[in-house]
Amino acid sequence: MKPSRFVYHAPTELEQVLELLSEYGDDAKVLAGGQSLMPMLNFRLLSPGHLIDINRVSELARYSLSDSGLNIGALARQRELELSPEVELAYPILHEGLTNVAHVQIRNRGTICGSLAHADSAAELPSIMVALDAVMNVRSKDSRRTVPAEDFFTFHLTSSLNPEELLVSVDLPRMGANTVGVFDEITRRKGDFALVGAAVLGTWDSDGKIRDCRIVCSGVAPTPLRLREAERYVSGTDLSQEVLIGVQQLVTESLEPTEDIHTSAEYRKKVTGVIIRRGLARLADQRSTIHV
Amino acid sequence: MSEAVELDPVESKLWITTTINGAKGTHLVEQRITLADFLRKQIGLPGTHLGCEHGSCGACTIILDGKAVRSCLILAVQADGAVIETVEGLASEGELTQLQEAFHAHHALQCGFCTSGFLMSLTARLREGPIDTEAEAREALSGNICRCTGYSGMVEALLSLSNEANEDGAR
């Protein structure tokens, strides 16, 4: 249970990180919070020749909230964002998701961008980023590009990052005044990996109908999964009791979730329908708190 | 390219300076050694225990720059410049902390393997504010595992420290 040998690098500037990645990319891993990478090193599931620790790159250790949205740097810790009252007010769905990420001791070290780059399909943050139309800012020594969250996650533990690239930050567009969103998940024990999770988001219009619904699930597929049929089913409705029961039935009947040692596909089907119904019911409750 | 930590070319080890339980020192560490193993084997502080070594059990919890963290998921070289608190630093001159006294009084340990991790998690938590309800107590305990399932005693110990309990006791 000890990491195999590697060469440790501790750059202090972003340019140095990108230089190191361009030199060692194929044989290197980036160490940010380390809450997923270190277990993989301890188990020797990974044995990179080079470890590039970005913890001393202070320009990456920040986030900024503006009128246009929230920019979260590669080293911003989960706990820091969770404790920000401004972030909670502007992105309640992100706050709620963060409180479901493992335990305080993990969130004290763990980073938002690290969780995204790790791309665990059972994780909370990837689904929330897809629901919010977040955009990943990716850089290498010679290039920079942006990747919409929906295209970023390609498979379980796999993102569209190339070996020489770093996820420098993620941009979350501002949520509109009438946009509401919640996150919920099912775990055996608080803080465990989610068996299933769901980010549910929508915008109430002046006619009392929900529009632009997003329903994104964790833990049911190799990537965050948008349930487009369910989104269409509820969009344009008032989220009445009949609609909620109908969408639960639709999800339970149509979903084909993965099965693993943690639980069966059958169980995942059932509880995914339940948490989506509950999430949408909360969006319905929140209608009275906004002014359209 | 200059990096923050200089590699010793002969030893392939790195020099780090840390303050551990108030004592500042400089140490030559292997690049791949975890902070937990560094504390236990190199510094000689075996009170930090290693259960799972992948961040699930919480036995290795220490306080690093004021925050409770898993020392099995941090490399010793990353602790350069850090202030570290371990279970050995809690009692001062043989006098237990209030939390340790409460654990003792409420039989909040059985085999004791997980205890140091719980004490460090809870010490950090109690600095943020009091724990007044059972729900808060269980939330504070949730990041550590007691394989003897001795949680009830720990909940009682925590509630005995709460302001509300002390006010009730004074009446």
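Predicted model: local features only at pLDDT ≥ 70, side-chain atom pairs only at ≥ 80, totals over all residues.
Residues are numbered from 1 along each chain as its sequence is written, with chains lettered from A and ligands numbered from 1 in the order in which they are written.

Helix α11 of chain A covers residues 241-254; helices (H or I, at least four residues) and strands (E, at least two) are DSSP runs, numbered from the N terminus. Buried here (20 or more other C-beta atoms within 10 Å of the residue's own, with C-beta atoms placed from the backbone) are A:Leu244, A:Val247, A:Gln248 and A:Val251. Seen down the axis of α11(A), the buried residues fall within an arc of 105° (taken from the directions from the helix axis to the C-beta atoms), so they line one face of the helix. They pack against α10 (228-234) and α12 (265-286) of chain A. On the other side, A:Glu242, A:Ile245, A:Glu253 and A:Ser254 are exposed, that is, with 12 or fewer such neighbours.

Between the chains, 29 residues of chain A are in contact with 24 residues of chain B, contact being C-beta atoms, placed from the backbone, within 7 Å. On chain A, β1 (7-9), α1 (14-24), α2 (37-42) and α6 (104-107) each give two or more residues to the side that touches chain B.

Chain B is assigned domain 1 (7-89) and domain 2 (98-170), with bounds from an automatic or database domain assignment. Their centres, over C-alpha atoms, are 25 Å apart. The contact takes 13 residues from domain 1 and 12 residues from domain 2.

Methods:
Expected span 1.5 Å × (residues − 1). Contact = placed C-beta atoms within 7 Å.
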